[in-house]
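Hi everyone, thanks for making time this morning. Please have a look at the model on the screen, and I'll talk you through it piece by piece.

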Number of protein chains: 2
Amino acid sequence: MEKPVQVGLLGCGTVGSGVLSILQANAERIAARAGALIEVRRVAVRDLKKYRTVSLDEALLTTDPWEVVSDPSVDIVIEVMGGVDPARDLIAAAVDNGKPVITANKEVLAKHGPELLSLAARRGVDLFFEGSVAGGIPIIKPLRESLAANRVQAIVGIINGTTNYVLTRMSREGMPFAEVLREAQALGYAEADPASDVEGYDAAFKIAILASLAFETPVRVEDVYCEGITRITPEDIRYGRELGYEIKLLAIAREHEGRLEVRVHPAFIPAAHPLAAVTDVFNAIFVRGDAVGELMFYGRGAGSLPTGSAVVADLVDAVRRLRFGGNGRLQPPAAQLPIKPIEETVSRYYVSLKVVDRPGVLAKIAAAFGENDVSIDSVIQKGRLEDPVDLVFVTHEVQEANIRRALAQISRLPVVRQVSNVIRVEAEV
Amino acid sequence: MEKPVQVGLLGCGTVGSGVLSILQANAERIAARAGALIEVRRVAVRDLKKYRTVSLDEALLTTDPWEVVSDPSVDIVIEVMGGVDPARDLIAAAVDNGKPVITANKEVLAKHGPELLSLAARRGVDLFFEGSVAGGIPIIKPLRESLAANRVQAIVGIINGTTNYVLTRMSREGMPFAEVLREAQALGYAEADPASDVEGYDAAFKIAILASLAFETPVRVEDVYCEGITRITPEDIRYGRELGYEIKLLAIAREHEGRLEVRVHPAFIPAAHPLAAVTDVFNAIFVRGDAVGELMFYGRGAGSLPTGSAVVADLVDAVRRLRFGGNGRLQPPAAQLPIKPIEETVSRYYVSLKVVDRPGVLAKIAAAFGENDVSIDSVIQKGRLEDPVDLVFVTHEVQEANIRRALAQISRLPVVRQVSNVIRVEAEV
């Protein structure tokens, strides 16, 4: 392999630490995929003394981010400091110095994305930003590349985890907004100053970025109509549910008769819609394209490692572009994990039996399970009007070989008329 | 723009027709994204006379696919004929002739993917296959590129639309398997010979492809443990639901202690799991990575246009690679859709009022809505124990300006104590 690619990191907060710990934990795998070793050359931080969760050579630290973007030994710059000032000027300077930039900074992109992208295009340098919207969920690359055949018709996103958490708890527990918000703040799911989340500003930044990309139109954050969730009451949620709806803070961008609607506001959606199942801090982005129809991308919209995952994916792309001028060919699979036989897999099992309705039957069957190390989680035994009666078990986790032995034994018991069905229960998918 | 890129198409059935109609409908958009015009040069079909839904110059047709893969004027080959023979040899020949190949053929990849990828790598030619798994859902590129920072831990997919449709209807309506299958066959959702779907073979092909990619290990279709859904009864589904589960045909690939489990079988999953909300013919793929956590990709897993969307996305990649050696830089947004002001957007609205409890109140409010062209879909009026009482409306679709005027007028009615809330209803997201 050639000499390592040198990365300069601007910011070492939540996302920066995630990037560093991923680069450490999966170094070998990432090097193989990038086609080059990746080394962190410089890390600009605000406070040299701050405690960090990730191990880091202190000699790499600097408080001067300008030093990083002008360092000739830095090949690629990652900007994860957030905010517009000085992030905007630092990104511009790095690009101007010919360095590809990866950013996860939604605010700078929502406010200055078009001008930064123009600069990057003029300089022939990459500017990547998968981490700026919806954390670890791949959405920028799918919109840019995977949907290239489509005219995008609409994007409907749940792209703020804090408000989704608040609405989920209000909805589940009938609690008022202010009370849930206080608890969310105590748990660290909401900021001390919650306005950016609960007023919808954070979602507005993100939908501006997505709309610009999907509709190939520069959308400024001022173009986004924005309403927050502070006025939603448990009564509204209850009435909505009576009508078949769930409430979500939606970020919507939609083309309608040659004009673009871009808005963030609470909305009721049908309870059966896939977005309605997106609860707690999860995010999801629903996309409608003229060829592909409906798509949804679901996952963790924030957090150190999920957002770090998106930033490092961009980094791998940037490295491949630097080294090979492209994102490279798919290699045939090389590593060789052995395949595990089905008898050795572990699962929970649903077992339904037809048994004669007589005292002691349950004990006999339970004993057969026990002798084969199969332990029982739940039992359903139904009414005594028919013979045979249904007897249904769900087991705890057990090896397939054991359940097979147990069932062979059970099927031979005279009280068992039939093993009606055995279905795996995947409780931990 | 340079001279057009010439495409040779092998097969013009469901997927091939979708590819052609997308290339026609979105020609300009696709050319802009690919950086070149795309022309279809040759189309190999089985029967020259067969009626086709897509308009096609008959001079392009041939019954000899070998002519297409050896035609020096064909730059890129798209193989959508299906099956192993002769698709495998045609793909190999095209690659050998230095032509990038795009295929949507799950069977040839599940059986011969590693050897075809090796050949392509040796020849320095691209082999793309986004359309081979889960139709229009982007999953191959996300696994290859967007998850490059991750060690993938598990993939759990609903990747056969027919069986998901059958299980959904069995589940909703308590109907037995055989009856739902007959109806699905009548509707064209299931084949006359349903074995490939209902026995799980189709899902086995697809999970072999996904597992090979995600775990960087060659997985042959014979390595996949496979059980179908033919034995599932409405009683099982009912008992499962009592225990909090929904039933799905899952395709699972999971690393466990250095070995790989790959299996397809019906399984109960918790009703609150996002996969449980995947109903009817929809597909979804749930992925767990060590950095990104849980992700899910949801959409249409089959069909002419969705699968065509995936194939054409690969084609755009292939064209960019041919022309620029890479997938190209993001350009700043250029087209200029005007932004629509919020007053002109159309939505349904939930309106909750506090009103005095007196005869004629509903009529007065309904009249105010009517005068502003707001028509009402549902009303909830609650018990007569308090004063004021809640009165809740959901409107039909109406322009925001109208609802605002109506509410201004309603808020001035003496019988109305308070407009408690107004929330948009996005019933058509």
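The copies meet through the same surface, because 100% of the interface residues of chain B are also interface residues in chain A. Please keep in mind that this is a predicted model. How many residues does each chain bring to the contact? Chain A gives 113 residues, and chain B gives 113 residues. On the side of chain B that touches chain A, the most comes from strand E10 of chain B, residues 259–270, with 11 residues. Sorted by class, that side of chain B has 60 nonpolar residues, 27 polar ones and 26 charged ones.

How are the two copies related? In general, two copies of a chain are related by a rotation about an axis and a shift along it. Here, chain B is superposed on chain A by a rotation of 180°, with 0.0 Å of shift along the axis and an RMSD of 0.0 Å. That is the relation of a two-fold axis.

Now let's look at strands that pair across the two chains. Strand E12 of chain A, residues 293–300, pairs with strand E12 of chain B, also residues 293–300, in the antiparallel sense over five bridges. If you want a pair to find on screen, Met296(A) has Tyr298(B) in E12(B) as its bridge partner.

Another pairing joins strand E10 of chain A, residues 259–270, to strand E17 of chain B, residues 416–425; this one is parallel, over two bridges. Which residue in E17(B) is the bridge partner of Phe268(A)? It is Val425(B). Within chain B, Val425(B) in E17(B) also stands opposite Arg348(B). Strand E13 of chain B, residues 346–355, runs antiparallel to E17(B), and eight bridges join them.

Staying with chain B, there is an open sheet of six strands with parallel pairing, in the order E3-E2-E1-E4-E5-E6. Why is one side of strand E3 (61–62) and of strand E6 (127–128) left without a neighbour in the sheet? Both stand at the edges, each with a single partner strand, so one side of each has no neighbour there. Strand E2 of chain B, residues 38–44, runs parallel to E3(B) and is joined to it by two bridges. Ala44(B) has Thr62(B) in E3(B) as its bridge partner. Helix H1 of chain B, residues 14–25, lies across strand E1 (5–10), E2 and strand E4 (76–79) of chain B, and runs at about 155° to E2(B).

Over to chain A and its domains. The domain assignment gives domain 1 as 5–136 + 305–324, domain 2 as 140–300 and domain 3 as 342–425. The C-alpha centres of domain 1 and domain 2 of chain A are 27 Å apart. Their contact takes 15 residues from domain 1 of chain A and 15 residues from domain 2 of chain A. On the domain 1 side, helix H5 of chain A, residues 106–123, gives the most, with seven residues. By class, that side of domain 1 has seven nonpolar, four polar and four charged residues.

H5(A) also packs with helix H4 of chain A, residues 87–96: their axes come within 10 Å and cross at roughly 10°. That makes H4(A) roughly parallel to H5(A). The residues that meet include Ala87(A) and Ile91(A) in H4(A), and Leu116(A) and Leu119(A) in H5(A). The residues of this contact divide into eight nonpolar, one polar and three charged.

Definitions and conventions: Residues numbered from 1 in each chain as written. Chains lettered and ligands numbered in written order. Predicted model: local features only at pLDDT ≥ 70, side-chain atom pairs only at ≥ 80, totals over all residues. Contact = placed C-beta atoms within 7 Å. Helix = DSSP H or I, 4+ residues; strand = E, 2+ residues; numbered from the N terminus. Nonpolar A, V, L, I, M, F, W, Y, C, P; charged D, E, K, R; others polar. Pairing = 2+ DSSP bridges. Domains from an automatic or database assignment. Axes fitted to C-alpha atoms, helices over the stretch in contact; angles between N-to-C directions. Least-squares fit on C-alpha atoms with pLDDT ≥ 70 in both. Parallel < 35°, antiparallel > 145°, perpendicular 65-115°, else oblique.
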